[in-house]
Amino acid sequence: MQINGFLLIMALLATTLIGSGLAWFILLDIPDVRSAYDYRPKVATIILDRKGRQIDMMGSMNRIKIPLTKMPALLPKAFVSAEDSRFYHHSGLDMWSIARAAINNLRSGKRSQGGSTITQQVTRALMLSREKTFFRKFTESVLAYRLDTMLSKDEILYIYLNEIYLGQGAYGVEAAARTYFGKKAAQLNLSEIAMLAGLPQSPSRYSPLKNPEAAKARQRYVLNRMAEDGLISPEMARQAYAQNITYANAVASQSNNGYFTQYIRELLATKYSSRQLYEEGMTVMTTLDSQMQLAAAAALRQGVSRIKKRHPEKSRPQGALVALEGRTGRIRAMAGGTDFNQSQYNRALRANRQPGSVFKPFVFAAAFEHGMRPGDTINDSPFSIRNSNGTTWSPKNYDNRYLGPTTLANALVHSRNIVAIKLLQKVGVQRVIQLAQRSGISSELLPELTLALGASPVSLLEMTASYTVFANNGSYIAPVGITSIRTHKGQHIPWPQPHPVRILQPRTAKTINSILTQVITQGTGTLAKGIRHASGKTGTSDRNTDAWFIGYTPYMLAGVWLGHDRNDTLGNKETGGQAAAPVWKAFMQQTSGH
């Protein structure tokens with residue numbers, strides 16, 4: 001009777017345990033990962049320059065998923081060697097490693113070793129919380145065994161190498177390779193591979209950017225383990241350890257590329273949802289030329305420094321530079337300020353400023369379109385206009401000199417304000433506004449005679465792009481920053497590209513080009529001299545508040561603006577020719593061959 005009672009009790013206990021176990025598994029809400037194809041983590045969108053180099057990423061997690069086939073052969077092996085040398089021989093749990101870790105922890109009196117396998121780490125990352133309890137550890141062990149029976153070793157390793165956190169905000173080896181070394185995982189050498197493989201144990205402690213000595217020691221450990229496992233020779237390990245590593249400078253990259261990538265993000269947001277952009281791993285091919293972008297940033301900083309040196313009593317000014325490929329409208333460089341890390345305000349797009357005389361070519365082009373010729377003359381002499389409110393406007397030339405009868409060509413070369421205003425009167429304000437609008441200027445242009453002096457504020461990007469009308473033999477082409485999108489499924493989606501639109505007669509464009517060439521050779525833009533086949537125009541607003549230069553060759557257009565965000569004067573004699581033209585020249589000298 002006692003035996004029967006004991007058996008009954010044991011049966012009830014077994015039933016309770018089994019029921020509790022089943023309920024426990026149900027409550028775990030475990031994802032059903034039956035193959036690596038079910039592994040769909042949140043993946044960042046990466047933004048590439050024209051040559052396929054990453055310039056930015058956008059995502060809730062900095063992760064770029066890649067298959068094992070796109071990793072160097074030694075990379076997975078290095079992680080296995082460092083983290084779980086018996087990975088291919090155990091069933092998700094390595095009892096020897098657990099026992100060894102327990103003994104070492106008892107000896108040291110603290111929990112310094114874990115003994116977790118790669119499979120357990122995958123289970124922990126995908127399915128469980130980070131709490132350090134016996135219940136979670138036991139659950140992790142059960143699930144690791146289950147995962148090992150469901151997936152192949154290579155599938156588990158594939159998930160691991162894309163999921164593991166490696167510091168600096170990077171998840172997975174591809175994101176880490178780009179974050180630490182500025183290159184794809186496929187391009188990593190043995191020295192860099194060993195450095196990455198040393199990170200999983202403690203990404204912060206072994207970060208080469210934060211603790212180079214600890215990182216180097218960890219790298220040596222990984223290389224020694226690889227040599228012990230026969231993956232590399234001792235000599236290969238010594239050479240890799242001695243090799244110098246160049247690390248990516250993320251701060252400098254953002255400082256140089258930040259304004260352009262900010263612009264790209266805004267464009268993408270008009271077509272795609274946040275989920276698509278931040279979680280689905282899209283790839284965005286842009287028009288940016290990274291070398292030209294570096295040249296633009298350097299030229300702008302140097303130009304601003306020169307102004308500051310000439311006027312040390314004033315605060316440091318700001319500036320912007322935009323470069324377009326004339327025949328396609330593709331933006332090759334965009335610097336919206338001297339340092340994106342200090343100020344994210346994009347002055348190439350957001351800062352509508354008075355363009356001064358860079359607007360004048362549209363007044364003269366409108367005149368030439370309607371029968372006037374470069375040799376026609378207008379009297380460069382003072383005059384006054386009575387306004388409707390009873391006040392009097394008496395415009396002046398910049399140098400306060402007047403030349404008398406002056407040809408239109410000479411007036412544009414030397415930027416004579418009086419002639420430009422009188423020409424606008426002859427041509428008609430609306431006719432010039434319509435020409436400028438058809439040439440891509442979307443900012444409001446006030447129908448007043450001050451339009452001839454560039455009194456209506458515009459952005460640097462739209463003003464620079466408008467000059468494609470002159471550079472392209474009379475055809476305007478809108479600026480564009482993206483060439484195509486690739487979805488996470490590999491679908492290639494072309495981004496809409498602009499097409500040339502005929503605005504001026506070719507002979508008018510040719511006439512303007514000829515005059516703007518003389519602006520550089522003998523007019524207000526002589527400090528831009530030295531660039532072959534170049535044409536351009538200076539611009540200076542009232543009180544030297546804004547300094548502009550927009551110039552072009554048969555292949556490239558670039559526009560430069562310099563000024564203070566609060567509309568303070570740049571200083572005496574800081575004109576477009578003095579301040580902006582040298583920046584344009586410095587940039588253009590670096591662009592040959594791109």
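Q: What makes a pair of residues count as one of the 21 salt bridges in this structure?
A: A salt bridge is a side-chain nitrogen of Lys or Arg within 4 Å of a carboxyl oxygen of Asp or Glu. By that rule this predicted model holds 21 salt bridges.

Q: Why is the pair K42 and E279 called a salt bridge?
A: The closest N and O atoms of K42 and E279 are 3.9 Å apart, and the cut-off is 4 Å. The pair therefore qualifies as a salt bridge.

Q: What makes K42 and E279 a tie between parts of the chain?
A: K42 sits in the loop between α1 (2-28) and β1 (45-48), while E279 belongs to helix α12 (residues 274-279), so the bridge ties together parts that are 237 residues apart in sequence.

Q: Where do R238 and E235 lie, and how many residues separate them?
A: Both are in helix α10 (residues 234-242), 3 residues apart, about one turn of the helix. An α-helix has 3.6 residues a turn, so residues three or four places apart point the same way. The closest N and O atoms of R238 and E235 are 3.0 Å apart, and the two form a salt bridge. E235 counts as partly exposed because its relative accessibility is 39%.

Q: What makes R416 and D399 a salt bridge, and which parts does the pair tie together?
A: Their side chains meet at 3.1 Å, N to O, and since the limit is 4 Å, the pair counts. R416 is in the loop between α15 (408-413) and α16 (417-427) and D399 in the loop between β10 (392-393) and β11, so the pair ties together parts that are 17 residues apart in sequence.

Q: Why is R416 called buried and D399 partly exposed?
A: Buried means under 20% relative accessible area. R416 has 5% relative accessibility, so R416 is buried. D399 has 34%, so D399 is partly exposed. Salt bridges that share partners join D380, D399, R401 and R416 into one network.

Q: How do you know that T406 is buried, and what is it in contact with?
A: T406 has 2% relative accessibility, and because buried means under 20%, T406 counts as buried. T406 is part of strand β11 (residues 404-407). Apart from neighbours within four places in sequence, T406 is in contact with D376, T377, I378, D380, A411 and V419. A polar atom of the T406 side chain also lies 2.8 Å from the backbone oxygen of G404.

Q: What makes helix α7 mostly covered?
A: In α7 (residues 173-181), 9 of its 9 residues are buried. Among them are V173, E174, R178 and F181. After α7 comes G182, whose phi is positive, near 70°.

Q: Which residues have the most contacts inside the largest nonpolar core?
A: This core has 77 residues, and those with the most contacts inside it are L268, M334, F359, F364, M463, Y467 and F470. Leaving aside neighbours within four places in sequence, F364 is in contact with L408, A411, L412, A420, L423 and I512. A second, separate core of 46 residues includes M71, I159, V173 and L223.

Q: Why is the aromatic pair of F359 and F362 called tilted?
A: The structure holds 13 aromatic pairs. In the pair of F359 and F362, the rings are 5.8 Å centre to centre, with 40° between the planes. Planes under 30 degrees apart count as stacked and over 60 as edge-to-face, so a pair in between is tilted. F359 is buried, with a relative accessible area of 1%, and F362 is buried at 0%.

Q: Why is the pair of Y467 and Y552 edge-to-face?
A: Their ring centres are 6.4 Å apart and their planes stand at 70°, so the pair is edge-to-face. Y467 lies in the loop between α18 (460-466) and α19 (468-471) and Y552 in strand β17 (residues 546-552), so the pair ties together parts that are 85 residues apart in sequence. Both Y467 and Y552 are buried. Ring pairs link F359, F362, Y467, F470 and Y552 into a cluster.

Note on methods. Residues numbered from 1 in each chain as written. Predicted model: local features only at pLDDT ≥ 70, side-chain atom pairs only at ≥ 80, totals over all residues. Heavy atoms only, no water. Core = buried A, V, L, I, M, F, W, Y, C linked by side-chain atoms within 4.5 Å. Buried < 20%, exposed > 50% of the residue type's maximum accessible area, 1.4 Å probe, protein only. Contact = heavy atoms within 4.5 Å. Helix = DSSP H or I, 4+ residues; strand = E, 2+ residues; numbered from the N terminus. Polar contact = N/O pair within 3.5 Å; in protein donor to acceptor, adjacent residues only side chain to side chain. Phe/Tyr/Trp six-rings, centres within 6.5 Å; stacked < 30°, edge-to-face > 60°.
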